[in-house]
Amino acid sequence: VQLQASGGGLVQAGGSLRLSCAASGRSFGIDHMGWFRQAPGKEREIVAAITWIDTTYYADSVKGRFTISRDNAMKTVYLRMHSLKPGDTAVYYCARNPGGDFRRQTSYHTWGQGTQLTVSS
């Protein structure tokens with residue numbers, strides 16, 4: 001299984017952006033998927049996650065602003081981001097979880113290469 005994240009870029013505060021993560025492999029439809037981010041000097045943290053039956057989880061810092069979704073036919077998971085803040089600046093990673101607690105970073109075993117989001121004030 002490989003993951004390819006894309007869609008990052010430079011956005012002004014208050015703007016919107018959608019990240020995409022394309023996956024390979026036959027198990028995508030039954031995998032939990034997550035988006036994580038790592039800002040300079042900080043630990044990687046979970047942003048949002050979605051189970052294979054579309055149950056979602058969001059970090060408190062992004063609730064109401066970010067939406068995670070998936071398209072199993074396209075083997076792609078999305079992260080739509082609105083009302084972006086400078087504090088959202090980070091490298092965003094998508095990851096695959098074959099069946100552990102989808103809210104826990106340690107459950108994710110396959111990671112994409114990351115895409116940079118920079119939010120200017």
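User: Is T115 buried or exposed?
Analyst: T115 is buried, because its relative accessible area is 10%. Buried means under 20% relative accessible area, exposed means over 50%, and partly exposed lies in between, with a 1.4 Å probe and protein chains only. Please note that this is a predicted model, in which local features need pLDDT of at least 70, side-chain atom pairs count only at pLDDT 80 or more, and totals for chains, interfaces and linings use all residues. Residues are numbered from 1 along each chain as its sequence is written, and side-chain values use heavy atoms, with hydrogens and water left out.

User: And where is the place of T115?
Analyst: T115 sits in strand β11, residues 115-120. Strands (E, at least two residues) and helices (H or I, at least four) are DSSP runs, numbered from the N terminus.

User: Which residues does T115 touch?
Analyst: Leaving out residues up to four places away in sequence, T115 touches A5, S6, G7, G8, L19, A90, V91 and Y92. Contact here means heavy atoms within 4.5 Å.

User: Changing topic: what order has the open sheet of four strands?
Analyst: The order is β1-β3-β8-β7, with antiparallel pairing. Its edge strands are β1 (3-6) and β7 (66-71), each of which pairs on one side only. Two strands pair if DSSP finds at least two bridges between them.

User: Over how many bridges do β1 and β3 pair?
Analyst: β1 and β3 (residues 17-23) pair over four bridges in the antiparallel sense. The bridge partner of A5 in β3 is C21.

User: How many residues of β5 are buried?
Analyst: Five of the six residues of β5 (45-50) are buried, which makes this strand mostly covered. β5 pairs with β4 (residues 32-38) in the antiparallel sense over five bridges, and with β6 (residues 56-58), also antiparallel, over three bridges.

User: Which residue stands opposite W35 in β5?
Analyst: It is A48 that stands opposite W35. A48 also stands opposite Y58 in β6.

User: How many residues lie between β4 and β5 in their hairpin?
Analyst: Six residues lie between β4 and β5, and G41 in that turn has a positive phi of about 75°. β5 and β6 form a hairpin with five residues between them, where D54 in the turn has a positive phi of about 70°.

User: Where does P98 lie?
Analyst: P98 lies in the loop between β9 (90-97) and β10 (110-111). P98 counts as partly exposed because its relative accessibility is 45%. Beyond residues up to four places away in sequence, P98 touches D31, S107 and H109.

User: Last topic: which residues line the largest cavity?
Analyst: The lining consists of V1, L3, A23, S24, G25, S27, F28, D31, M33 and R96. On a 1 Å grid over the protein atoms alone, a cavity is a set of points where a 1.4 Å probe fits but cannot get out, and lining residues have an atom within 4 Å of a point.

Notes:
1 Å grid on protein atoms, 1.4 Å probe; cavity = no way out; pocket = protein on both sides within 12 Å on 5 of 7 lines; lining within 4 Å.
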